[in-house]
Amino acid sequence: MKLIIGGYAQGKFKYAQKKFQVENKNVYDGKLPDGTGNINGTLIINNLNTYIRQSMIDGTFSEKLIFDFIDKYPDCVIITDEVGNGIVPIDEFERGFRETIGRIQIELAKMAEEVERVICGIGQKIK
Amino acid sequence: MMIFVIGGSASGKSEYAEDYLMALSNEKKKYYIATMQVYDEEGQKKVERHKMIRKDKDFITIEQPINIQNAIDKIDNFDCTALLECISNLTANEMFSDINHKSAEIVADKIVDGIKRLDNKVSQLVIVSNNVFEDGIVYDNATTEYIKAMGKINEKLAECADEVIEVVAGISIIIK
């Protein structure tokens, strides 16, 4: 698995597309594959942050789902926003979201064979 | 020797800083200077989580939510190390503890001065600070002043520090 992180609107997806040449049908934006159908080739999960936020809102959030997915598709590319670099939000949900995504990103970075941080469309390999 | 560690919320900065200090300390006495004031259950949980992480690391805890220079008197004179966790709480406590909020300038000068003195007292000081600067939100005056104070403190401490390390998703990046 390869992990790409960075701030909002930094060109992370474009960077990943150019680097990994993933077919459009294998790009999942803000969601994980539902498990039906066959997937050939590399997968991109773009905006994992959106997926986590939505599943927290829906009450369906489970870390295990994410880690199981990576077990199943160990060659995937995961793209996610860095959201922890700000003032602690007053809103309880927002605080919880930041904590949750931060902790998951640490786990993902541990599992990843490569971690890149994208700023201004440029990737820096940090692992 | 001063080591400055910065990262966002839930970036893994504390664990990194603790492990770093452990590696530096060998058999030396290790102090954990805690700055967080607990107001509610959520704060309590945060403190508990941090205690869990460091439970086998053999730290002596000093609670110093304000007036950081006062921690000096609670530390042995003999060769020892300390971890200061963290600048964001210390700054908020200094700034907002009084009904009349202090200015960024006054708060920053006081904290930086206190930390420099603390650094002179111990053999190695690891400081944890937070990146609170990149959410793009325009806040009220008090919060803006707080962000400015944090910026000044980080800048001054990073200048004094022998090493500056950013932690991103648990990965350390050497900045200085």
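Mentor: Leaving aside its neighbours within four places in sequence, A:Pro33 is in contact with A:Tyr28, A:Ile39, A:Leu43, A:Ile45 and A:Phe69. This is a predicted model in which local features need pLDDT of at least 70 and side-chain atom pairs count only at pLDDT 80 or more, while totals for chains, interfaces and linings use all residues. Residues are numbered from 1 along each chain as its sequence is written, chains are lettered from A and ligands numbered from 1 in the order in which they are written, and side-chain values use heavy atoms, with hydrogens and water left out.

Trainee: Why is A:Pro33 called buried?

Mentor: Buried means under 20% relative accessible area, exposed over 50%, and partly exposed in between, with a 1.4 Å probe and protein chains only. A:Pro33 has 14% relative accessibility and therefore counts as buried. The residue is found in the loop between strand 2 (27–29) and strand 3 (44–46) of chain A, where helices (H or I, at least four residues) and strands (E, at least two) are DSSP runs numbered from the N terminus.

Trainee: Is A:Asn85 buried or exposed, and how do you know?

Mentor: A:Asn85 has a relative accessible area of 9%, so it is buried. Its place is in the loop between strand 4 (77–81) and helix 4 of chain A.

Trainee: What makes a set of residues a nonpolar core?

Mentor: The members must be buried Ala, Val, Leu, Ile, Met, Phe, Trp, Tyr or Cys residues, joined through side-chain atoms within 4.5 Å. The largest such core has 37 residues, among which B:Ile115, B:Ile127 and B:Leu157 touch the most other members. Several elements of chain B each supply at least two residues of this core, among them strand 1 (2–7), helix 4 (104–121), strand 5 (124–130) and helix 5 (141–160). Once its neighbours within four places in sequence are set aside, B:Ile115 is in contact with B:Met2, B:Ile68, B:Leu84, B:Ile87, B:Leu125, B:Ile127 and B:Leu157. There is also a second, separate core of 29 residues, which includes A:Ile5, A:Tyr28, A:Ala109 and B:Ala169. In soluble globular proteins, nonpolar side chains tend to be buried together.

Trainee: How do you know that A:Arg103 forms a salt bridge with A:Glu99?

Mentor: A salt bridge is a side-chain nitrogen of Lys or Arg within 4 Å of a carboxyl oxygen of Asp or Glu. The closest N and O atoms of A:Arg103 and A:Glu99 are 3.4 Å apart, and that value meets the rule because the limit is 4 Å. The two residues are four residues apart in helix 4 of chain A, so about one helical turn separates them. A:Arg103, at 26% relative accessibility, counts as partly exposed, and A:Glu99, at 24%, counts as partly exposed too.

Trainee: What can you say of the salt bridge that A:Lys110 forms with A:Glu107?

Mentor: Here the closest N and O atoms are 3.3 Å apart. A:Lys110 and A:Glu107 are three residues apart in helix 4 of chain A, which means that they are separated by about one helical turn. A:Lys110 counts as exposed at 57% relative accessibility, whereas A:Glu107 is partly exposed at 32%. Over all chains, the count by this rule comes to 25 salt bridges.

Trainee: What lines the second largest pocket?

Mentor: Its lining includes A:Arg103, A:Glu107, A:Lys110, B:Tyr16 and B:Asp19, and its volume is about 220 Å³. Helix 4 of chain A gives the most to this lining, with four residues.

Key: Contact = heavy atoms within 4.5 Å. 1 Å grid on protein atoms, 1.4 Å probe; cavity = no way out; pocket = protein on both sides within 12 Å on 5 of 7 lines; lining within 4 Å. Points joined across faces, edges and corners; volume = space filled by probe spheres on them.
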